[in-house]
Amino acid sequence: MTAFLVVLVIILFGVAVWQMSKIFEMSKTGPADNASEVASDKDNNVNGWLMMGFVLFIYLLSIISFWKWGDVLLPESASEHGVEIDQLMLISMALIFVVGIVTQWLLHYFAFKYRGKKTQRATFYADNDRLEFIWTIIPVIVLAGLIIYGLFTWTDIMDVNTDDDPMIVELYAYQFDWRARYGGEDNTLGEANVRLIEGVNQLGVDASDPYAQDDVVVNELHLPVGRKVLFKMRSQDVLHSAYMPHFRAQMNCVPGMITQFAFTPTVTTEEMRMNDAVVDKVRRINEIRRENSRELAAKGEETLEPYEFDYLLLCNKICGNNHYNMQMKIIVETQEEYDAWIAEQATLAEALKQ
Amino acid sequence: MSAQAHAPAVDHHDDHGHHHKETFITKYIFSQDHKMISKQYLITGLFMGIIGIAMSILFRMQLAWPEEPFTIFEIFLGKWAEGGVMDPSVYLALVTIHGTIMVFFVLTAGLSGTFSNLLIPLQIGARDMASGFLNMVSYWLFFLSSVIMVLSLFVEAGPASAGWTIYPPLSALPQAIPGSGAGMTLWLVSMAIFIASSLLGSLNYVVTVLNLRTKGMSMTRLPLTIWAFFITAVIGIVSFPVLLSAALMLIMDRSFGTSFFLSDIYIAGEVLHNQGGSPVLFEHLFWFLGHPEVYIVLLPALGITSEIIATNSRKPIFGYRAMVASILAIAFLSTIVWGHHMFISGMNPFLGSVFTFTTLLIAIPSAVKAFNYITTLWKGNLQMNPAMLFSIGLVSTFITGGLTGIILGDSALDINVHDTYFVVAHFHLVMGISALYGLFAGVYHWFPKMFQGRMMNKNLGYVHFWVTAIGAYGVFFPMHFIGMAGLPRRYYTNTNFPYFDDLADVNVVITIFAIITAAVQLVFLWNFIYSIFYGKRGPKNPWKSNTLEWTAEVKHIHGNWDGPIPHVYRWAYDYSKLNEDESDYVIPGEDFVPQTVPLQENEEEMNH
């Protein structure tokens, strides 16, 4: 990798030096050509060609980026609605790539083809209603399609209801960590307010609320696969954002209000660890970690543990100095595993008694 | 200030203004001459730009080589980089102030302030702005706000660091982040003054364009630059006051115990008394300015490019009417799309649908503009001056950055890329880089007008453009990938937990490109300063342009034209127009017809 970077820098530096030398050369070609700071035919020619080079550079950069970094992208969606988002993303991306490639080509090719010459005459061409109509109406139609598709997807995702009996989980954000609260046996969260925060009752749950007694507060989010989860989000202090990239889910946590987002996880953590893209990614990360460990070992420091994939809940709204380190592990598991896990957790009533 | 009492009022008559004896202070400092004020704006803007770009290099180095010690950090950051390792709090401060400076001080004041001031009177044929005094006040308020913003960097607890969007409660509570103490107060004071400055400037621009056009200069004969500045000023007048009210309410929340934006907060071990406010309200108010602000930054750049592309293509701008219509459409739509910054803020999802709809609508006039630029190049005779290169570069980044806007504007897709580096890549290309290219294009093109006929060195200009163009794509294209990998923005380091470890090398590439790109801006600075004093003097109308400013005196006089104000007989885009029997140009041997040339015999006026 470093070798690639070094090569890239050298190439770039080379291009810069070559450009400079060319330009200094040009500036020495005698007074006739350099008498004024207005572009001469020679400048037009050189820069016209460079325009051609530049559009190739853009294409090349895209190809290299895909080749080098195509595999850092998120793996396939681990939630039901995420598949739809990925589909829409793919269509939109294909569209903007086609439009981008064509328009960039036209722009730079025209800049090259019509580079100025003393003998050349530009065409006086100020208007063409039909052409303008065409390139107004085409974006209108294409965008209308995208808007309609997008809005159907959006409405589907954001239509939060309790019809199909989702599991209710509260995500609670504070500087700089997360807590999750499960509704417990009754699948209903007890009332809570920051004014009730005291000692162990870190989330300010109303201990007198009958619904609150069986609530379970944890710092690792476990979800049974295939069951819809309705997240109720709260924040204790500043804005946070609950970002679960693998599930294509995100919602801000706003002090003073409860926001919500629902999704159905479809791939367990175990299955995701077997996913080819994830296996690849973990292998690459572990190579980096081994390398870093060697360096650390050389310095006599503790080496790094090998990395194992886990879903993450990240904070994605600037929230203070440790914003970069505000995350929680998410584990998607089978219903049985989940049941076993939740049974081990202390309910709020038990926790408060201790 | 007593000098102002008898300073000349703007002369509306056709005889030229009286010449008063000017002292150093009235000529260079408290000048009321729009040309001097534009230079003041430009130089202040460039100075702020140096600070803003230098900051970006510092935090890019931290991102590429997290927690590595650098001597340069120790030099610039002092106690916030003990042993040369950057502190997380100063990282956030750097990104916050970088954003604030670049958006407001460089691209709003530095770009729009400079060129609106320089070009509005010169291109519409006026002796000066409607109110020279207000214009002067506007600049000095801007200067004052710049000074306060720079001073805020030296506050003990650090400058504002809640992000340039300063969302409360983070920006309201010093307990939440140290920068929200005195640093944030200074930020708000500075911005309040900045808004006052911007409003005074904008009102002046609008009044000047509406009232002081020379004879024959109908609205449909205005160069597109003026249309762009005019509409930009209108958007500014509509939206900046809303930011001012948001800032005032935030000041109240911070200092006077109100609860506009605060509710149910437990921080640093205690419950705050605030109840009933909503941070979402702040987001609405902020983005009601924040989104039009994007166009306040971008429209002047597009106006400048329209003029430069037409002039250097030796062709009329294609679809003048459509260009004006799209400026108007963009201006209107820009005020009703702000919610696309808030799809996942917790506002009603139905509102999200509405904002998706309006947002994707705004792609239509933008697409029309891009197509019209490309068609203007078609069958032209392109003069590759540095200004032209930057204009073509602008169209390129405007397209690339604009296209990714289709992803972000779609609420369903925004869920997963919101606040990731994908957004950072998008807006830097579409408004940051594009507007900067507009600024550079304008400086190269109108340098002779600003500095009495001197021109900038074109070869250094070519080096500047090509390295910048490669570097800008090198920085922001790969950035889309780390965004789509799910990396949130504003993270001090991406390697604190292993998941993003494999993005480290992309970050190194981006930073190397950023350093190269920043370094080549020194070529521009050198060229700029050197050319002010030693640049070659070119002809009076070096780019063979049609617009009125090139008929004005090369030497700066208060009143612009030594004789009577020229009259206008045609639009600004009669380039390469042929005479009736198509044997030669309208003016034989000249491929352009300045606006001051009356219609020739048998010549048809462009029916635009």
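The C-alpha centres of domain 2 and domain 3 of chain B are 33 Å apart. This distance comes from a predicted model, for which the predictor reports an ipTM of 0.91 and a pTM of 0.92 for the complex. The points below cover the domains of chain B, the interface with chain A, and the confidence of the prediction.

**Domains of chain B**

- Chain B is divided into domain 1 (37–263), domain 2 (318–545) and domain 3 (552–608).
- Between domain 2 and domain 3 of chain B, six residues of domain 2 are in contact with six residues of domain 3.
- On the domain 2 side of this contact in chain B, three residues are charged, two are polar and one is nonpolar.

**Interface with chain A**

- On chain B, 121 residues are in contact with 110 residues of chain A.
- The element that gives the most to the side of chain B touching chain A is helix α15 (residues 458–484) of chain B, with 15 residues.
- By class, the side of chain B that touches chain A comprises 76 nonpolar, 31 polar and 14 charged residues.

**Confidence**

- The average pLDDT of chain B is 92, and 96% of its residues score at least 70.
- Over residues 1–18 of chain B, however, pLDDT stays under 50.
- For residues 1–18 of chain B, the model has 28 contacts beyond four places in sequence.
- Where pLDDT is low, predicted coordinates should not be read in detail.

Technical notes: Residues numbered from 1 in each chain as written. Chains lettered and ligands numbered in written order. Predicted model: local features only at pLDDT ≥ 70, side-chain atom pairs only at ≥ 80, totals over all residues. pLDDT = per-residue confidence, 0-100. Contact = placed C-beta atoms within 7 Å. Helix = DSSP H or I, 4+ residues; strand = E, 2+ residues; numbered from the N terminus. Nonpolar A, V, L, I, M, F, W, Y, C, P; charged D, E, K, R; others polar. Domains from an automatic or database assignment.
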